[in-house]
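Q: Please take a close look at the pairing of strands in this model. Then go on to the side-chain packing and one of the pockets.

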Amino acid sequence: MNNTFDVVIIGGGMVGLCVAYQLIRSKKANSIVILEKERELGLHSSGRNSGVLHAGLYYKPDSIKAKVCVEGASRLKRWVKDRNLPINECGKVVVPTRPELDSQLEILRERGRKNGASVDIIDESDLRELLPLARSASGRAIWSPDTAVVKPKSVVQCLEKELMDLGVEFIKSARISKCNPSTSTIKLGENQFICYGHLFNCAGLHADEFAKMYGLAKGYKLMPFKGLYWQIKTTSDLRIERNLYPVPDLNVPFLGIHMTPSADKDPVVSIGPTATPAFGRENYSGSNGIEFDVLFNHLGILTRQYVTGTGGFRKYVHEQALLALRPLLLQSAKELVPSISNNDIEISSKVGIRSQVFNQQTKRLEDDFLCINSANSTHVVNAISPAFTASFSLADCRLH
């Protein structure tokens, strides 16, 4: 195999795939190799997310998220439709679960419109027409008609096939033992070397580790959060045909428990995800994947920030940290759909982990994409939601 490439991409998730796609289609690189540590693509964040193509409502207008979400969602939606992949163009409703949250609707509407999203405030009559079972504490809600849902693994697998057809090479089960930025080389295993002109670190949950190999991202620590899901049983009489979200706490980068119909022919409605502390980059269940340095880092930061009350952590702990517990999750679900009961829900097999980083200088979770450049490398260190949605546009943004 050739061991010299114009571009090496670490990570075969959605961001890495889209970087390769944009480079090869624009002829900015002739030879590209993607290094993926797993035997197949989509086993982590890109294959485990909800599949929602976000409309761009929540993001501060001057953020990278705001600049790339709407265009990215539009491009990915066209890409999916052109290939006849499953898509559910069901839209999204956002409701205040407490009367005092009603004033946030104007903020969300203005943010969305500044970001280029189609968004309106609707009254109770419109809400009943869109989602008869939903509850708004104030009688008003946000309506986002452009929000859609796709099947993430189908997207990843189709994109992988197209890249292979375009000549992009993949090395799977890749074990990177050393990175040498001064010689632009990567060592795989014991004796395989890859040389490159430029490196893109799109390693998701492990991006911080690779960035530190290049002497970067020293002021950031990984704080992974686990997203657990429940789902409405197929035997339930409840029908939720659109995305249903609560008005979020804009001080923390989590959207709260929401309901999402899948892109299947007979949609399954997911309830979640939680934002439960994960004690390892791949701590999907129980004690599996626990990393003690991540665990102690997580507990230390949460304790300090809770005590000082900074960064929205105290409110996060009170409202979201324990939502993996069934009674508390059901309570949150009832704030959206009062008629839902314990008999309507069951645990889902879907579990994801958010590769969130904590800024040690600002003492806050980074709520925007974080991309750090060096002379011959680009590191996407904080590829949080809506990274899947925005990947095509985020790739373009990072290539200029």
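**Strand pairing and side-chain packing**

A: Three strands make up an open sheet in the order β3-β8-β4, with antiparallel pairing. The model is predicted, so local features need pLDDT of at least 70 and side-chain atom pairs count only at pLDDT 80 or more, while totals for chains, interfaces and linings use all residues. Residues are numbered from 1 along each chain as its sequence is written, and side-chain values use heavy atoms, with hydrogens and water left out.

Strands here are DSSP runs of E with at least two residues, helices are runs of H or I with at least four, and both are numbered from the N terminus. Two strands count as paired if DSSP finds at least two bridges between them. Between β3 and β8 (residues 148–150) there are two bridges, in the antiparallel sense. Val-52 stands opposite Val-149 in β8.

Strand β7 (residues 141–144) has partners in β5 and β6. Strand β5 (residues 92–95) runs antiparallel to β7 and is joined to it by three bridges; the bridge partner of Val-93 in β7 is Trp-143. Strand β6 (residues 120–122) is also antiparallel to β7, again with three bridges, and Ile-121 stands opposite Ile-142 of β7. In a regular strand the side chains alternate between the two faces of the sheet. In β7, Ala-141 and Trp-143 point one way, whereas Ile-142 and Ser-144 point the other way. All four of these residues are buried (under 20% relative accessible area; over 50% is exposed and the range in between is partly exposed, with a 1.4 Å probe and protein chains only).

Another open sheet has three strands in the order β13-β20-β21, with antiparallel pairing. Here β13 (220–222) and β21 (364–365) are the edge strands. Two bridges join β20 (residues 357–359) to β21, where Asn-359 stands opposite Arg-364.

Next, the rings. The structure holds five aromatic pairs. Rings of Phe, Tyr and Trp (its six-membered ring) pair if their centres lie within 6.5 Å; planes under 30 degrees apart count as stacked, over 60 as edge-to-face and the rest as tilted. Tyr-58 and Tyr-59 form an edge-to-face pair, 6.1 Å centre to centre with 70° between the planes, and both are buried. Ring pairs also link Tyr-21, Trp-79 and Phe-392 into a cluster.

Glu-162 of helix α6 (residues 152–165) touches Tyr-21, Trp-79 and Arg-83, not counting residues up to four places away in sequence; contact means heavy atoms within 4.5 Å. Glu-162 counts as buried because its relative accessible area is 19%.

A charge sits over a ring if NZ of Lys or CZ of Arg is within 6 Å of the ring centre and within 35 degrees of the ring normal. The charged end of Arg-48 sits over the ring of Tyr-284, 3.7 Å from its centre. That of Lys-350 sits over the ring of Tyr-229, 4.4 Å from its centre.

Finally, the second largest pocket is lined by 26 residues, of which Arg-98, Glu-319, Gln-320, Ser-332 and Glu-335 lie nearest its centre. The elements giving two or more residues to this lining are α9 (313–319) and α10 (326–336), and α10 gives the most, with five residues. On a 1 Å grid over the protein atoms alone, a cavity is a set of points where a 1.4 Å probe fits but cannot get out, and a pocket is an open set with protein on both sides within 12 Å along at least five of seven lines; lining residues have an atom within 4 Å of a point.
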